Amino acid sequence: MSFRQALKRPVQIPWNMKIILGKNAQLRISCKELRPYMIKLGFIGAKFSPQNRPLLYIGDEAKFDLSDNVIFGNGCIIWIDSKAEMKVGESFYCNANCTFRCSNRITLEDKVLMGWNGFLNTTDGHRLEIDGETKNNEGEIHIGYHSWVASDTIIGKGVAIGNDCVVAQ
């Protein structure tokens, strides 16, 4: 690829970001027109806290859908398990050191803001048996249009946040 072509790439990724893609993993961009660096993974964000090494993992047959003007700050970890789906709407901004663990589905509507050190987790990560019955350990997360998730907030499986909401720790 020529330098001129590289400048037109819509996704900007830092040199130290670890990227792991499974079989048939999909990174899809939905927008009217592709622009250089309309999506930033691992840039910007709070400078006063130690930064994680940014990570993007998209498992086998998983989907990562991004819209226009999407920013994930320094040190963010995005982990999308096999056959899971994460959808990010337009004008999404995520500050530094946030973690997205998606074993099911995460939907972030347009104009969602996240403070630093946020954690979205769609799974318990283990099975739970009560009286011999295995309980569901996964659930979707949905954050509505124009909502703000403040710093150090944890959102677990099965949570739906409406439009125009503020979620604080």
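Author: Strand S11 (residues 99-102) and strand S14 (residues 119-121) run parallel and are joined over 3 bridges; strands are DSSP runs of E with at least two residues, numbered from the N terminus, and two strands pair if DSSP finds at least two bridges between them. Within this pairing, Phe100 has Leu120 of S14 as its bridge partner. The model is predicted, so that local features need pLDDT of at least 70 and side-chain atom pairs count only at pLDDT 80 or more, while totals for chains, interfaces and linings use all residues. Residues are numbered from 1 along each chain as its sequence is written, and side-chain values use heavy atoms, with hydrogens and water left out.

Both strands belong to an open sheet of 6 strands in the order S2-S5-S8-S11-S14-S19, with parallel pairing. Its edges are S2 and strand S19 (154-155), each of which pairs on one side only.

The loop between S14 and strand S15 (128-130) holds Asp124, and the loop between S19 and strand S20 (159-161) holds Lys157. The side chains of these residues, Asp124 and Lys157, meet in a salt bridge at 2.9 Å, N to O; the term requires a side-chain nitrogen of Lys or Arg within 4 Å of a carboxyl oxygen of Asp or Glu. The pair therefore ties together parts that are 33 residues apart in sequence. Asp124 is partly exposed, because its relative accessible area is 34%, and Lys157, at 29%, is also partly exposed; buried means under 20%, exposed over 50%, and partly exposed in between, with a 1.4 Å probe and protein chains only.

Asn137 lies in the loop between strand S16 (133-135) and strand S17 (141-143). Its relative accessibility is 18%, so Asn137 counts as buried. Glu133 forms a salt bridge with Lys135, with the closest N and O atoms 3.7 Å apart. Glu133 is partly exposed at 47%, and Lys135 is partly exposed at 34%.

By the same rule, the count of salt bridges comes to 4. Another of them joins the side chains of Arg28 and Asp65 at 2.5 Å, N to O. This pair links distant parts of the chain, with Arg28 in strand S3 (residues 26-29) and Asp65 in strand S6, 37 residues apart. Arg28 is partly exposed, with a relative accessible area of 31%, whereas Asp65 counts as buried at 10%.

Strand S6 (residues 63-66) itself pairs in the parallel sense with strand S9 (residues 85-88) over 4 bridges, and Lys63 stands opposite Glu85. S9 in turn runs parallel to strand S12 (residues 105-108), to which 4 bridges join it. There the bridge partner of Glu85 is Arg105.

Of the 169 residues, 41% count as buried.
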